[in-house]
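I would ask you to look at the structure on the screen while I speak.

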Amino acid sequence: MNWNFSAGNFSLRLPVSEQDGDALFALLKEQSRVDHIPRSAMTVDVQALDELRRMAMRFETREAAFWLVEGLYDKQLIARIGIQKINWMLSCAQLQWELSNAADLPVLQEVMPPLLNFCFSELGLHRIEVRLRAGSEPHETLLQQLGFHYEGCLPAQIEYNDTSVDMALYSRLSTD
Amino acid sequence: MKFTPELSFSGGRVRPLTYDDVDALFELYQHPELPGQRVLDNKDNLIRMVDLSVQMAATQRGMMWALEVDGAITGMVSAFDWQPSLLRTMLRVDGLPQLTLAQRSSALKVCMDFMAEKYHLRNFGYQWIEGQNEEFKTMLTELGFKQSAVMRDAWRSGETSFANVVQFNIVLDKKKPVAGRLGEDSDINPGQNLNGDNNKDGGAA
């Protein structure tokens, strides 16, 4: 199975540990890009290498898959989008994204349909859900514009910076 | 070492699983409550489940209790997806047809109270799956749970069929624990072993 594919003017590919560290660090060192998860931004570049190795290990066990989204021609990294906690028995997975400023709605409208199609058709998943910090704008608006359904809010799911964080829940089904 | 306590409630008790329970548990799993859940045809898995119940409790990943009424096992209470550092867990009760709602509710509450007191858990979740007894939702609401989300097709009930999952949560208005050393014998950071002088929440197994 080929896990790399193109989507309009963009390519989605699995990361390569030896070559993607700098670009990933540049993306994930901005706190605003990971606030919705929520998670602390990276502060030193070796964290990106560690993250790449973790991604590779999680992919090996087919527990998760993360794609780097790059411009098809300029090869600039504009987002990381992944599915994790893949449950092959229940045919579902959790989607997570970190977006640069360039990854706006028109870009996501090019990228997300092929990505979801890959998850549903190639991987055979039925449900893709997104859990993110409740009140995370513009992410929640983007999800709704991309056809995700709001399902509710799970209270006190994460302890982050001494605060209990509620997580909003969105989903797309293969039958939507 | 003992990790799962025996707890009494009006009309019954919950207690740790033992190998002697295999036949009763096998009978319990002849009456699956979840849509698509298969009737168990092999007792070997139940022996593994008893082992697992000890391992899960010892490592704070989950806890399983046999639910007894009048000395006979009529159900099970399970805590799973236990996240100690996030102060939350999910709960589930499986029961024979004769297990009443009141008994189910009392057993759930006594287990919840124990985990809140002993391990400072604040957030308990319960997933009701479409097709289960509707009265379970009322029972959860009466216990203080609130509906958090309706998760579409989140439960697989067959090869190509799915069921919605309604998630309920109760978040206790309870002070969060402060950090302590692992194994420290204090109210703030209790060890897992329930044997010994500090066993004030449950009797010996």
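Predicted model: local features only at pLDDT ≥ 70, side-chain atom pairs only at ≥ 80, totals over all residues.

For the model, the scores are ipTM 0.93 and pTM 0.89.

Let us begin with the interface. On one side, 20 residues of chain B take part, and they are in contact with 26 residues of chain A. The size of an interface is often expressed as the accessible area that is lost when the parts come together. Here, chain A and chain B bury about 1700 Å² between them, and 48% of that area lies on carbon and sulfur atoms.

Which interactions cross this interface? There are 2 salt bridges between chain B and chain A. In a salt bridge, the side chain of B:Arg152 meets that of A:Glu151, at 3.4 Å from N to O.

Where on chain B do the touching residues lie? Two or more residues each are given by β7 (146-156) and β8 (162-171) of chain B. The largest share, 9 residues, comes from β7(B). Sorted by class, the side of chain B that touches chain A holds 9 nonpolar, 5 polar and 6 charged residues.

Finally, I turn to confidence. The average pLDDT of chain B is 89, and 87% of the residues score at least 70. Over residues 197-205 of chain B, however, the pLDDT is below 50. Beyond near neighbours in sequence, this stretch has 19 contacts in the model.

Thank you for your attention.

Conventions: Residues numbered from 1 in each chain as written. Chains lettered and ligands numbered in written order. Heavy atoms only, no water. Contact = heavy atoms within 4.5 Å. Buried area = accessible area lost by both parts, 1.4 Å probe. Salt bridge = Lys/Arg side-chain N within 4 Å of Asp/Glu carboxyl O. Helix = DSSP H or I, 4+ residues; strand = E, 2+ residues; numbered from the N terminus. Nonpolar A, V, L, I, M, F, W, Y, C, P; charged D, E, K, R; others polar. pLDDT = per-residue confidence, 0-100.
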